[in-house]
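Here is a short report on a complex of protein chains. Keep the structure open as you read.

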Amino acid sequence: MNEMSEKPRMPDECGVPDPFQYMHPVMVKNYGNWDYHDRPRVGVLHHVSKSGDEIWTVRAGTQRQMDVYTIRLLCDIGDNFADGHVRFTTRSNIEYMVDDESKVEPLIEELGKHGFPVGGTGASVSMISHTQGWLHCDIPGTDASGVVKGLMDMLHSEFVQEKMPNRLRITTSCCQINCGGQGDIAVNVQYTQPPKINHDLVANVCERPAVVARCPVAAIRPAMVDGKPSLEIDEKKCVCCGACYPPCPPMQINSDESTKIAIWVGGKHSNARSKPTFHKLVVAGLPNNAPHWPEVTAVVKKIVEAYKKDAKHWERMGEWIERIGWKRFFEMTDLAFTKHHIDTWTGARKTMNQSAHVHF
Amino acid sequence: MKDEVTKNGVNPTPMLDQLEDGPWPSFVTGLKRLRDSEGKEYAPIMNDLLGQLNHSYENRKGFWKGGTLSVFGYGGGIIPRFSEVAEQFPASKEFHTLRVMPPAGNHYTTDILRKMCDVWERHGSGLIAFHGQSGDIMFQGCTSDKAQVAFDELNEMGFDLGGAGPALRTAMSCVGHARCEQSCFDGVKAHRGIINRLLDEMHRPAMPYKFKFKFSGCGNDCVNAIHRADFAVIGTWRDDIKINQEKVKEHIAEKGRKYTIDTVVSMCPTRAISLHDDDTMEIDNASCVRCMHCINVMTKALSPGDDRGASVMIGGKRSLKVGDLMGTMIKPFIKLETDEDFEALEDFAEECMEFFADNALEHERIGECIDRIGVPAFLEAMNIEADPNMVNHPRTSSYVRTDDFQEESAKYFERKAAEAGLVVDQ
């Protein structure tokens, strides 16, 4: 109790840390002065500065959710086989920078010895950008790390080689908020039933006007249920998006049966060649089948194989489909095209084929 | 038997056990290492965490709920998690996350990573994610009474909490100038300049909803700024692409003429590239849109020009509530060279945040707010003139009042003349 009465420590609101204190000295020295790069082999980048300095980067996959033992192991590798400086990519790969080419092969060997796959560069399938899932999120429909583990086990060989037409970026998300983001392939939860409301709790837990305002299709309205103030849903209007669930947990959107998985393709954030795009729905209604999600993995495999076989070098997933047409995409992947693929949201007409262009 | 505790007190995890096979590094194996750490305070916590996670796998449902938790001086940055199945798994009944901002560009020494591990072994569960989707280091799994001391130690090391809730969020920047010749502006300077100036909005959430910044050094947009940031800064340049004709010839000699035509010339989105008969290359720079494709393919022969800076796109976000919005071009080019240039960018960022705070409805992102009021109203509020680079094409709808069209046109010509150093005759 004495501690409680002590004056609390004032925080130092230091903000975003200065990275130069952690950066590899060759990178500090050549900051903003790089000339070109090439890739001597998969998983290795070689950058050459205008000063003549060179740096080699070895990229390896991690499980993202790391225990301190794994992090310390990665640090040991960094101290013994690299220069003690690392960084993480946006897809949670670790990168070791070394100033001498002779350090590259022993480093790769050591990473391999401990099961860290070296790759994820160029025209490969890199690590999946993903979310928290059942491990830590308060609203998840599925797990994240588990789905990713299953998919990356299947795609391991595509991580450690550069044999795709262009880079293939996969994301997963555990609810329709889609924290995993856009991807060439996105594996996302798609709810299929309106929320089930626990009317005993709504009045105490939920700020009802805020919940009503949160619904994108105005399907929620205040109601008295069994004499208690609660909310009700127009189930014909409800699009089962789950937006009401975070502000009002008694509106349970998840269930073991109705929480399904959907797969989307053709998202791209790069401006290279075509403008950035959003991913588009190709399959919904896949079961949320832990721990291996085999139905999801099977569909992803089909899409990856069709893309790998048919796309031209440098075409991203969406650009490949743009060229071959959606008709051939659905044929090549042996997937069904249904009325649910036709957009109904704001701007839907602009997603329709407003031309006489037809693929046969 | 499902979820039954075995005799030695270890929760069985038959579902998770299946995720230890296969070639990809297993997060389950890591969690078990923490569970099996003898004498560590977090071992029983991780035992019950694994039990709860397996319970989720069995029941296909999550069992965490939110709450309120903060450290002294802050209104956000910690994600509280309380278990809904704490009776079954009591040791992990509190499993909170500290969101901590990484150094811009995600650079670390092994030394600082080890120190972070030590802090999280002493006060947390030993589970850390590099990084969350907003860009934070996620120190996952501490009890309510340990949050303050864990923060204090991380703070002493020079690290600060990131954003959560209706606030400025943690930003991300690509590797940029540190290791990439394609980087068109100093991402570290822009990232730290903006976030550290607006830090108050991160630590004491008082915005209508979240606001995110992301910084990519070029149009390849490695941190996915255009989709995921309310304010995306993406590097570009105004002058000509730099061509090293000798390297062009070397590339063609190595890769082949047809390959170069198929993958570079034919894939240029604005048909701006010609290959001469002597294997030299010509680029129509006025038609080039700085997409980066040819530079990506011919990394030694082609590079961005010298007159570098960035574009700013505003309003990117994912589905909630009106549907996906892509960031759209608001500032086609801002020079980013001098301290004054960076200050001007920071000023603009602050103005956008102020506009957002003043005009957005609760739980509305800036992109949705702009959609509601119309881009012209936003431009007027920001004192930005309309620019053809902002649109795919001019409007197709005639439902617009144009009684001041001639005056607006005159202003346009005056601006163009002023840019060219001339004065228009009245």
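## Where strands meet

Met66(A) stands opposite Ile128(B), which belongs to S6(B). The model is predicted.

Strand S5 of chain A, residues 85-88, pairs with strand S5 of chain B, residues 107-109, in the antiparallel sense over three bridges. Here His85(A) has Thr109(B) of S5(B) opposite.

S5(A) has a partner within chain A as well. Three bridges join S5(A) to strand S6 of chain A (residues 94-98), and the two run antiparallel. Arg87(A) stands opposite Glu95(A) in S6(A). S5(A) and S6(A) form a hairpin, with five residues between them. In the turn, Ser92(A) has a positive phi of about 65 degrees.

Are the faces of S5(A) covered or open? Both are covered. On one side His85(A) and Arg87(A) are buried, and on the other Val86(A) and Phe88(A) are buried too.

The table collects the strand pairs of this report.

| Strand | Partner | Sense | Bridges |
|---|---|---|---|
| S5(A) | S5(B), residues 107-109 | antiparallel | three bridges |
| S5(A) | S6(A), residues 94-98 | antiparallel | three bridges |
| S13(A), residues 259-265 | S14(A) | antiparallel | four bridges |

## The contact between the chains

How many residues does each chain give to the contact? Chain B gives 100 residues and chain A gives 96 residues. On the chain B side, helix H4 of chain B (residues 110-123) gives the most, with seven residues. By class, the chain B side that touches chain A divides into 45 nonpolar, 36 polar and 19 charged residues.

The predictor gives the complex an ipTM of 0.95 and a pTM of 0.96. For chain B, the mean pLDDT is 95, and 98% of its residues reach 70 or more.

## Chain A as a whole

Chain A has 10 helices and 14 strands. Its C-alpha trace spans about 80 × 75 × 35 Å along its principal axes. Of the 360 residues in chain A, 51% are buried. Take the contacts in chain A between residues at least 6 apart in sequence: 65% of them join residues at least 24 apart.

Five residues of domain 2 of chain A are in contact with five residues of domain 3 of chain A. The domain 2 side of that contact has three nonpolar, two polar and no charged residues.

## An open sheet in chain A

Four strands of chain A form an open sheet, in the order S7-S8-S13-S14, with mixed pairing. Why do S7 and S14 of chain A each have one side without a neighbour in the sheet? Strand S7 (170-173) and strand S14 (280-286) of chain A stand at the edges, and each has a single partner strand, so one side is left without a neighbour. From one strand to the next, the twist averages 25 degrees.

S13(A) and S14(A) pair in the antiparallel sense. Ile261(A) has Leu286(A) in S14(A) as its bridge partner.

## Chain B and one serine

The domain assignment of chain B gives domain 1 (172-236 + 309-419) and domain 2 (242-303). Their C-alpha centres lie 31 Å apart. Six residues from domain 1 of chain B and six residues from domain 2 of chain B make the contact. The domain 1 side of this contact has one nonpolar, four polar and one charged residues.

Now look at Ser216(B), in strand S9 of chain B (residues 213-216). Is Ser216(B) buried or exposed? A residue is buried if 20 or more other C-beta atoms lie within 10 Å of its own. Ser216(B) has 30 other C-beta atoms within 10 Å, so Ser216(B) is buried. Beyond four places away in sequence, Ser216(B) touches residues including Cys174(B), Cys222(B) and Ile234(B). Ala310(B) is 94 residues from Ser216(B) in sequence, and the two are 9.0 Å apart in space, C-alpha to C-alpha.

Conventions. Residues are numbered from 1 along each chain as its sequence is written. Chains are lettered from A and ligands numbered from 1 in the order in which they are written. This is a predicted model: local features need pLDDT of at least 70, side-chain atom pairs count only at pLDDT 80 or more; totals for chains, interfaces and linings use all residues. Two residues are in contact if their C-beta atoms, placed from the backbone, lie within 7 Å. Ala, Val, Leu, Ile, Met, Phe, Trp, Tyr, Cys and Pro count as nonpolar, Asp, Glu, Lys and Arg as charged, and the others, Gly among them, as polar. A residue is buried if 20 or more other C-beta atoms lie within 10 Å of its own, exposed if 12 or fewer, and partly exposed in between; C-beta atoms are placed from the backbone. Two strands pair if DSSP finds at least two bridges between them. Axes are lines fitted to C-alpha atoms, for helices over the stretch in contact, and angles run from 0 to 180 degrees between N-to-C directions. pLDDT is the predictor's confidence in each residue, from 0 to 100. Domain bounds come from an automatic or database domain assignment.
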